[in-house]
Amino acid sequence: MYPWLASAIENATVIVTASRRLARDLQEQHTSQQLATGHETWHTAQIYFRGDWLNRLLDSADQSRPWPLRIDPISSLILWERCLAKHSAEAVLSFAGAVQLARQAWQRLQEYDVPLEEVSRSARSADQQQFARAARAYDESLRRNHWVDAASLPALVTAALESRQIIAPVSVLLAGFDRLTPAMERIVGQLRRQGCAVEMAAVADRNTSIVSRSFRDRRQELRAAGLWARGFLQKSPRAKLAIICPDLQADAAGAARLVREGLAPGWQYAGAASRRAVDVSYGRRLNEFPAIAVALLLLRWLQRGLPSRDMAVLLRSPFISSAGVSGRSRCELELRLWPDRTWTPTDLASLLRRHDESDDTRRWHAAIERVIAFTNEHRGNASPTAWAERFDRLLVALGWPGESPPDSAGYQLLNRWRAMLAEFAATGLVTPERSMTAAVDRICSMASEVIFQPEAEGGIVQLLGVLEASGLSFDAAWVCGMDTTRWPLPPNPLALVSRALQEKHSMPDATPHDNYRFAELLLGRICASAGEVVLSWARSDGDAELSPSRLLSGLALTSGDGLADPGWHAKEFQDPSAVATVEADPAPPILPGEKVAGGAYTVQAQATEPFTAFARGRLRIRDVPAIESGLPAAMKGSILHRVLHRFLSGKPDSGAIAAWTEEEIDQRIERSLSEVLLPARRHLDATHCRLLEFEQQRLRRVLKMFVESERLRQPFAIEQVEFAVDFERFGVPLALRVDRVDRLADNSRLIIDYKTGAPKSPLDRDGRLLDLQLVVYAMAIGGAIGGLLLINLDSRAISYKGTGGTEEWDPKRHADWTERLASWVEAANTAIAGIAKGDIRIDLRGNEPESGSLAILSRVEELKRAG
């Protein structure tokens, strides 16, 4: 791969690379060469990334001289923030973005040896002038404190070489440098003045063919690249392959998924080896890894309350407290019943203190107490080092990052997190003390900027950006995105330095001509670096049509018509002949002691879609409630039911209700509302308490309308309100909760259920029963049943929808009430018997709304295709 490598190392030449990836690749190549020649031990090769090499040179300098103290990038960032804040005339829309632009400009100015006086003279816009002032302030801060940052390091090394404070090595070989900056050229010049032989690594042209191919869109292009790599590896299993994307940083994970589609079809369920087959050069931000995201949420919780969605993440996270989360998951379901608000540790402990008594919940409550104690103990300012140590100890005490032992990638992630804490601790040089809030904010900011990619074994195809591929050699390479929008790469001149100054010093991207020539150089070197090269482009991007880059016109290309898009692997499952037989998986009959959830709902589900009844009732699958900003509908419905229970708890009959005075009605309403709403207010914030006041006003109107409607009914006596009934039939135990039972004038019972929301009726227009709920209640209560009634409660109207043996509820059909009720009871018995014997038939027509949400579990689509 690198014909010059062996001789350079043999001659003790220092090899300096333009990228860390190239340095790592050369080290691996050297190791392979040593093992191939039978060596068991060997001297470590002197191969260094440029930044590391400069630091090593300075470390070798005469230490009797007081060299400037090297500050880390985060300390440099903090200095830039101060300088920009001081010299910005007005608030900047994106201050973090402005700091990033300023640091980029400073780096480029140092690389091209541009004096700050010249930057100030050439500044034209207000932004350029502000940057010039901030840059002078930054430079003065470095000089005043005797500091040096990474951008200024080349100038310091040059001065040390010139004064012979650093002794040059015998020889240096520069690898992967597409162009040398003036600062680097000055270092090279000083090395040569000391007699050091400095050479550029030769770029051998290994190319034998260049193939071009276009595809409909980017997805086709990347899938085809994966299929190409698969075919190449089948012929040459040890081949070194690269797929190079010019905009990889925009969506590296998405690009990797598309490449895997062609390289390892079915990788989603093929295990970790298939996922690692693509070695992606561009990682993710540290705060995007789940374990780190949880750690950051915990730290934020120290300084402020967290919204319900963040609290839900912490409650179900396996990265804290304990690996088991069953009890905490039940706590999360309770949390979801409340409006979205910010929860302090004290607030959450108050809500969930007695909700669940499982072991993992008790450990969670102990963790909350540690968070509260930490916040109370550490209220003042402290050094970054102290905060880093405290945060690390707290996370460990909270059980982070979980009980399960991490794999290799997990260990690397944990090490990178702790390295970041050490980097934060180092900022004490520029900020001796911070508040806890400032410390947490800085750590969160750092985690959002750090890019982390674990080193994973097993990668057989490298997915690289264009600049990352510089200097590397391959057996074959596929270069994507060869359209006019991506090649040449879009120019990126400095925004805070005048264009005239950039052109004067020949900075990158200063002119379109320079941008084109550099892209031409990059493409030529990539093509020369591999034996076989494929250049591809997409003909469209959404609605936009694309055309091939002009850079292709200067290359000798052959057609790549044989390179095809394999499509989506999942499409194979749409072919009935490719689908495996769905094996029968019967459910067992009801077992002794088994509990069935859902009550009458499960019976109704059995009558319409048995699998849903099995999933909800026997497997106890529940939908996770959405977190809502206002008062959730379920919460308002629950409040109304409890208010009605309290309002009618004295079980008044129709005569007593008719005798209530307006004052007595108001007193009863207020007492009921107060007793129900007072406990709810303890867990609501000020905004939601105000919403609850509006709900209270609405409930007053509903209750008054309800009383007036009840007075219009024929004589009745309330027998029971809001009570539980245990009912068993055919060995199926059902826990029921009935809203209300009235005793009618003929001594029969009226079964009542309250409904909120859209009005509901027990029967359809043709008199067919719509729901078995009230029938099951009637079976459980027993005795003479005179009717079934739904009371629809709404602030606009109270409506009664029922059926029974009197004209009051069913004027058209009351005569055959006994027969109709008996037929419904028979239907309910049939449904319960189906539950008992394990009937889990599946609705293949998809008529039942519930069946869609359970489709993966029921395998309904596979069963449809199987015929």
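Tutor: Helices here are DSSP runs of H or I with at least four residues, strands are E runs of at least two, and both are numbered from the N terminus. Axes are lines fitted to C-alpha atoms, for helices over the stretch in contact, and angles run from 0 to 180 degrees between N-to-C directions. This is a predicted model, in which local features need pLDDT of at least 70, side-chain atom pairs count only at pLDDT 80 or more, and totals for chains, interfaces and linings use all residues. Residues are numbered from 1 along each chain as its sequence is written, and side-chain values use heavy atoms, with hydrogens and water left out.

Student: What makes H29 roughly perpendicular to H30?

Tutor: Helix H29 (residues 773–781) and helix H30 (residues 817–837) pack at about 90 degrees, with their axes 10 Å apart. That makes H29 roughly perpendicular to H30, since angles of 65 to 115 degrees count as roughly perpendicular, under 35 as roughly parallel, over 145 as roughly antiparallel and the rest as oblique.

Student: Which residues in H29 and H30 meet?

Tutor: Contact means heavy atoms within 4.5 Å. Val 775, Val 776 and Met 779 in H29 meet Trp 824, Val 825, Ala 828, Asn 829 and Ile 832 in H30.

Student: How do you know that Arg 442 counts as buried?

Tutor: Buried means under 20% relative accessible area, exposed over 50%, and partly exposed in between (1.4 Å probe, protein chains only). Arg 442 has 10% relative accessibility, so Arg 442 counts as buried. Its place is in helix H20 (residues 436–449). Not counting residues up to four places away in sequence, Arg 442 touches Ile 74, Leu 77, Ile 78, Glu 81, Phe 424 and Arg 434.

Student: Why is Leu 421 called buried?

Tutor: Leu 421 has 5% relative accessibility, so Leu 421 counts as buried. Leu 421 sits in helix H19 (residues 408–425). Its C-alpha atom is separated by 9.0 Å from that of Pro 384, 37 residues apart along the chain.

Student: And why is Arg 620 called partly exposed?

Tutor: Arg 620 has a relative accessible area of 44%, so Arg 620 is partly exposed. Arg 620 lies in the loop between helix H24 (610–618) and helix H25 (633–647). Its phi is near 60 degrees, a positive value in a residue other than glycine.

Student: How do you know that the span of H5 is close to the expected one?

Tutor: The expected span of a helix is 1.5 Å times one less than its number of residues. Helix H5 (residues 95–111) has 17 residues and reaches 24 Å from its first C-alpha to its last, close to the 24 Å expected. The buried residues of H5 include Val 99, Ala 102 and Trp 106, and the buried residues of H5 pack against helix H4 (73–87), helix H6 (116–122), helix H7 (126–144) and helix H9 (182–193).

Student: What makes a set of residues a nonpolar core?

Tutor: A nonpolar core is a set of buried Ala, Val, Leu, Ile, Met, Phe, Trp, Tyr and Cys residues joined through side-chain atoms within 4.5 Å. The largest one has 125 residues, and among those that touch the most other members are Trp 80 and Phe 131. Helix H13 (residues 290–303) gives the largest share of this core, 10 residues.

Student: Which peptide bond is cis, with omega near 5 degrees?

Tutor: That is the bond from Trp 400 to Pro 401. Pro 401 is in the loop between helix H18 (384–397) and H19.
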